[in-house]
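The following paragraphs walk through one structure, strand by strand and then core by core. Keep the coordinates open while reading.

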Amino acid sequence: MLRQVAEGVLIHQSEFCQSNAVVVEGRAGALLIDPGIYGSEMACLASDLSGLGQTVVAGFSTHPHWDHLLWHAGLGAAPRYGTARCAATIRDRLSGPHWKDSLAGMIPPDIAEQISWDLFGLITGLPAETTRIPWDGPQVRIIEHQAHAPGHAALLIEERGVLVAGDMLSEVLIPMLDLNDTAEPIENYLAALRLLEGVAGDIGVLVPGHGSIGGADQVRARIDQDRAYVHALRDASVPGDPRVGPSATFGKDWLPGVHERQLQQLARRTERDGTPG
Ligand SMILES: [Zn+2]
């Protein structure tokens, strides 16, 4: 079911981790950001869109993690974009012969069987430093940073005051740092929060990759909450964060212990480099 969150901006929420797909209506069709997870849900989205007389004219993936890279044949064959760094990361990960197996290892079987990998990860990288998505509709500013994943993009739909935040600023998920691809995961995360803070005054509707939609009053609160968590992680202190613990796992068995795992990985980095990054 599509739900309007601002003029010409609609959300389709997945049962998987409250993943939000975002539809932006343009002049000749829609832009679809992070389309969804289960095949049946994306088929439902495709039929909702055709019910509105909309075809998808462009896609965009906010970052190179599997739950943001899926697609469904019913959504058509529009170009699907990401940042240059996002696309390069996907290319790199998919170039090995065993990418499906390694992904399958991360996803519980009951979820994996509802996912189609047919059109997975077919992302065209936009040239580095591209500041807007090339399409015929409301201007969408790309705010690229290196928190959470390489080439992660937050998208600001300027005329509508909507920020599509990707996997940050969620009220259900703690910040998950990119501890594999970068030498400075903490600093990258804090830098990304500063970038988002810089546009906070322009945001009336906040759409996180997972979780519920926030109003203008939520923007700074969620930025502050994410920053406080990252500071606690950096200082290896105990975060007073309601998202840490079972509530952050959606009752699933694939996300528990994220906080503990991050703490351990950062402790190993500190041992090795003298700083968590
Ligand atoms: Zn995600």
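In this predicted model, strand β4 sends Ala30 and Leu32 to one side and Leu31 and Ile33 to the other, and all of them are buried. In a regular strand, side chains alternate between the two faces of the sheet. Here both sets of β4 side chains are buried, with under 20% relative accessible area.

What are the partners of β4? One is β3, which pairs with β4 in the antiparallel sense over four bridges. In this pairing, valine 24 is opposite leucine 31 of β4. The two strands make a hairpin with four residues between them, and glycine 29, in the turn, has a positive phi of about 155°. Another partner is β5, residues 56-60, which runs parallel to β4 and is joined to β4 by four bridges. Leucine 31 stands opposite alanine 58 of β5. Between β4 and β5 the chain passes through α1, and this β-α-β crossover is right-handed.

Several of these elements also contribute to the largest nonpolar core, a set of 32 residues in which Trp66, Leu75 and Trp117 have the most contacts. At least two residues of this core come from each of β3 (20-25), β4 (30-33), α1 (39-51), α2 (84-94) and α3 (99-104). The helix α1 gives the most, with four residues. In soluble globular proteins, nonpolar side chains tend to be buried together.

Which residues does tryptophan 66 touch? Setting aside neighbours within four places in sequence, tryptophan 66 is in contact with Phe16, Ile37, Leu103, Met106, Ile107, Ile115, Trp117 and Phe120.

Between Ile115 and Trp117, both contacts of tryptophan 66, comes serine 116, in the loop between α4 (109-112) and β7 (124-126). Serine 116 is partly exposed, because its relative accessible area of 30% falls between the cut-offs of 20% and 50%. From serine 116 to serine 40 the C-alpha atoms are 9.7 Å apart in space, although the two are 76 residues apart in sequence.

The bridge partner of glycine 166 is proline 208 in β11.

The loop between β10 and α5 (185-199) holds alanine 183. Is alanine 183 buried or exposed? Its relative accessible area is 62%, so alanine 183 is exposed, the cut-off being over 50%. Not counting residues up to four places away in sequence, alanine 183 touches Arg269 and Gly277. Aspartate 235 is 52 residues from alanine 183 in sequence, and their C-alpha atoms are 17 Å apart.

Rolling a probe the size of a water molecule over the atoms shows where empty space is left. The structure has four cavities of 30 Å³ or more, and the largest cavity contains about 90 Å³ of space. This largest cavity is lined by 13 residues, of which Asp167, Met168, Ser170, Leu173 and Ile174 are the closest to its centre.

Definitions and conventions:
Residues numbered from 1 in each chain as written. Predicted model: local features only at pLDDT ≥ 70, side-chain atom pairs only at ≥ 80, totals over all residues. Heavy atoms only, no water. Core = buried A, V, L, I, M, F, W, Y, C linked by side-chain atoms within 4.5 Å. Buried < 20%, exposed > 50% of the residue type's maximum accessible area, 1.4 Å probe, protein only. Contact = heavy atoms within 4.5 Å. Pairing = 2+ DSSP bridges. Right-handed = clockwise from strand over helix to strand, strands pointing away. 1 Å grid on protein atoms, 1.4 Å probe; cavity = no way out; pocket = protein on both sides within 12 Å on 5 of 7 lines; lining within 4 Å. Points joined across faces, edges and corners; volume = space filled by probe spheres on them.
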